[in-house]
Amino acid sequence: MTNSPEEGRIELIHRYWTAANYLAAGQIFLQENPLLRSPLGPQHIKPRLLGHWGTSPGLNLVYVHLNRLIRDTDADMMYVIGPGHGAPAILANCWLEGTYSEYFADVPRNREGMCRLFRQFSTPGGVPSHVSPHCPGSIHEGGELGYSLAHAFGAAFDNPDLIVACVVGDGEAETGPLAGSWKSVDFLDPVRDGAVLPILHLNGYKISGPTVLGRTPEDEVRELFGAHGYHVLWVEGDDPIPVHRRMYDAVDEAYRRIQDIQASARAKGEARERPVWPMIVLGTPKGWTGPKIVEGKQVEGTFRSHQVPLPKAREDDGERAQLDAWLRSYDPDALFDEEGRPDPAFDALIPEGEKRMGANPHANGGSRLVDLDLPPYTDYALEVPSPGRVRAEATRRLGEFLRDVFRRDDGSGDFRLFCPDETNSNRLGAVFEATDRCSVLPTRPTDEDIGPRGRVMEVLSEHLCEGWLEGYVLTGRHGIFPCYEAFATIVDSMMNQHAKWLKTTLEVPWRKRISSLNYLLTSHAWRQDHNGYSHQGPGFIDAVINKKSSVTRIYFPPDANCLLSVMDHCLRSRNYINLVVAGKQPELQWLDMDSAREHCARGASEWKWAGNAAEREPDLVFGCAGDVPTTEAVAATWLVRHHLPDLTVRLVNVVDLMALSPPAYHPHGIDAGTFEGLFTREAPVIFAYHGYPRIVHDLVHGRPNPSRFHVRGYIEEGTTTTPFDMVVLNRLSRFHLVLSALDYLPDLGAEGQALRDYCEERLTEHDLYIHDHLEDLPEIQEWTWREP
Ligand SMILES: Cc1ncc(C[n+]2csc(CCOP(=O)(O)OP(=O)(O)O)c2C)c(N)n1
Ligand SMILES: [Mg+2]
């Protein structure tokens, strides 16, 4: 049963909404005269009219009704806005509730502050047009549509008392990631987690056309969401007061249903049956209360209200008069006092302190962040008595470390692993000794390691893994995303948006640093033994490289001990996107733990045991980054030393890819002296690289004589073939590296020619052998390092 609100309360809600609508419109149009105390002139209107009106009235409506609910129930609520282009609405509400002026003292809650609020919106030196990090209470800018619901669920995980209200645009609902996000509810444990209240904003339109759900019959929309596991509360209309009444009841009922689900599950310690969570469908006109007709065309209630409904208001007298009439229709004198302060009656709808959605601490996640309790990674050290003699699966070792991160959880529950169904395949399965895969759906006896309390979030959607993890870290927790390397590019764009968010937060002083977004790219291009060409693609590295250097780090640990050292570092770091690329297959191990730690701290170093140039300037340098390329480069070093003992050769391994770049481009770039100490000024450098080769050329631009760098990497050759054939097909094999070296060294006469012939013969032999025996030559499979 809901209590029918008193009419006075509905009236107050309506007036508050009206004030927010006025403030939203004011931000889009006005630079002066914020309260319309004089007739509107062209000089009061901004020269460039930018922003989005259409979605704003709906976002305002939701905001005031959530405020009312918080006032009545003391609920802890966050507001995630899918149509983030509706920032004028959110900024208006933050200003009304006072949080805006607390964060930005130069925008006080009076006439002067209102003028600043208007003038700064979408103007140089001002604030962006979307719900960016500058906006109090935001964890989601909503610029690129599709991720709101995933972020909302990520925020709700492990926050049992939090309700995340999430507006989903009906246009946004057409995106793949959003359409795939509804199932998140099957991973939400009502005992342990908070709740998400999705609000589908069915305003019928996107930028210039109708939306699919906007033209779908109501019963089908209800069935669709019913099947996803939601109880739909339908609020529709274009007459404000009846809509307010319905919305008032709907948020009450949604809250009551959330409380019931949680109370009953928490009393029993588990959800005995699949909970049916509430959601609201809000069907109100796009651009509601705005201009009805402009130049003979209907604007209110259509796509034409999406951006600026009166684009010529400054120069065109008719449009300006229409703007004047529109803004005055809200009657600002009745909403704000002489000094421009909001009517004190509104205080009855503003939640207290941190209960205001603009001040919710979860939305400034760094303010709640607690360091992860990590076991000493050195306890997981792999015994490496001498370099290049034992083989091990690096990720399996890491899995044991991660298992114990879960085990050390003292109940605070702030670490999760997000993975598209590949935890075992990526050889991280040890984590299942400590926790389950998470699911609240029924299980079968044949299932393994699955339950509602699991901390491994396995869902076959890279978008969801990414979106949940982002929401989780943005609200002050920690996580890791192991992913098949080739399929990380699915979330390329999401990573891009997160990088922009992180970069921007550095410009917002009150935003506290959050934990880093940690990717482990494994099952990588070189060892896709089962899957072949479709699974071979190192492109995600290139995507990360191009992001702002202040927020990106890229690591290629060559073996298990280096992987442990790197991952420990990443899990302690703040505000970065950390990309760690490491294979899962048995590979040669190079460094004991002490050497690994030192090597990783340097970012790049000479492996003196491999070369013979310790005290001399080398004639030739082999560089390498990535586990498989490292093996080839070490083997190439051996070949050169064995066949050309008079030549001096050095091997340099790079763990921290950005070490290669000049420090001006990336803070991890090693200084010129160290760079030359490794790679010399003159010697040819044959570089074996894990990904697309051009990247290394790009990174060493600005280093001495960059044209002496000759890079071998993945050149889009591949199929289901042997591991060594992969490096042969891509011309990265030890033999190709040696051949390349011979091309760039001075003529070595008969000795050089003999080595060239030897390498070519080995390549021919390889080709014949694998076609005959369907596996690599024993001397390749069993190759280990020994003194040349
Ligand atoms: C992924 C993506 N594609 C395209 C756009 C461009 N765009 C901005 S707003 C918008 C329409 C959004 O419609 P809807 O979600 O219904 O929001 P409304 O403004 O109607 O509330 C589009 C297509 C975008 N921001 N993101
Ligand atoms: Mg819409």
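## Basis of the values

The model is predicted, so local features need pLDDT of at least 70 and side-chain atom pairs count only at pLDDT 80 or more, while totals for chains, interfaces and linings use all residues. Residues are numbered from 1 along each chain as its sequence is written, chains are lettered from A and ligands numbered from 1 in the order in which they are written, and side-chain values use heavy atoms, with hydrogens and water left out.

## Ligand 1

Ligand 1 is surrounded by 16 residues, the closest being Thr55, His85, Asp170, Gly171 and Lys286. A residue counts as near a molecule or strand if one of its heavy atoms lies within 4 Å of it.

A nitrogen atom of the ligand is 3.1 Å from a backbone N or O atom of Leu145. An oxygen atom of ligand 1 lies 2.8 Å from a backbone N or O atom of Tyr205, and an N or O atom in the side chain of Asn203 is 3.0 Å from an oxygen atom of the ligand.

## The largest pocket

Pockets and cavities are found on a 1 Å grid over the protein atoms alone: a cavity is a set of points where a 1.4 Å probe fits but cannot get out, a pocket is an open set with protein on both sides within 12 Å along at least five of seven lines, and lining residues have an atom within 4 Å of a point. Grid points are joined across faces, edges and corners, and a volume is the space filled by probe spheres set on the points.

The largest pocket has a volume of about 410 Å³. Its lining holds 19 residues, with Arg527, Pro723, Asp776, Ile780 and Gln781 nearest the centre. At least two lining residues come from each of β17 (586-588), α18 (627-643), α21 (723-729) and α24 (778-781); helices (H or I, at least four residues) and strands (E, at least two) are DSSP runs, numbered from the N terminus. The lining comprises nine nonpolar, three polar and seven charged residues, where Ala, Val, Leu, Ile, Met, Phe, Trp, Tyr, Cys and Pro count as nonpolar, Asp, Glu, Lys and Arg as charged, and the others, Gly among them, as polar.

## Cavities

Four cavities of 30 Å³ or more are found in the whole structure. By class, the lining of the largest cavity has six nonpolar, five polar and two charged residues.

The second largest cavity holds about 60 Å³. Among its lining residues are Ala392, Pro557, Asp559, Gln585, Glu587 and Asp627. This lining divides into six nonpolar, three polar and three charged residues.

## Helix α22

Helix α22 (residues 734-744) is largely enclosed by the rest of the structure, because nine of its eleven residues are buried. Buried means under 20% relative accessible area, exposed over 50%, and partly exposed in between (1.4 Å probe, protein chains only). The buried residues of α22 include Arg734, His736 and Ser740, along with Phe735 and Leu737.

Ser184 sits in the loop between α7 (176-179) and β3 (195-201) and is buried, at a relative accessible area of 0%. A polar atom of its side chain lies 2.7 Å from the backbone oxygen of Ser181. Not counting residues up to four places away in sequence, Ser184 touches Phe153, Leu464 and Trp468, contact meaning heavy atoms within 4.5 Å.

Ser439, in the loop between β10 (437-438) and β11 (450-451), is buried with a relative accessible area of 10%. A polar atom of the Ser439 side chain is 3.1 Å from the backbone nitrogen of Leu441. Ser208, in the loop between β3 and α8 (218-228), is exposed at 56% relative accessible area. The C-alpha atoms of Ser208 and Phe303 are 5.2 Å apart, although 95 residues separate them along the chain.

## Pro693

Pro693 occupies the loop between β21 (685-689) and α20 (694-700) and is buried, with a relative accessible area of 15%. Leaving aside neighbours within four places in sequence, Pro693 is in contact with Val711, Arg712, Gly713, Tyr714 and Ile715. For Arg712, the C-alpha to C-alpha distance is 5.7 Å at a separation of 19 residues in sequence.

Methods. Polar contact = N/O pair within 3.5 Å; in protein donor to acceptor, adjacent residues only side chain to side chain.
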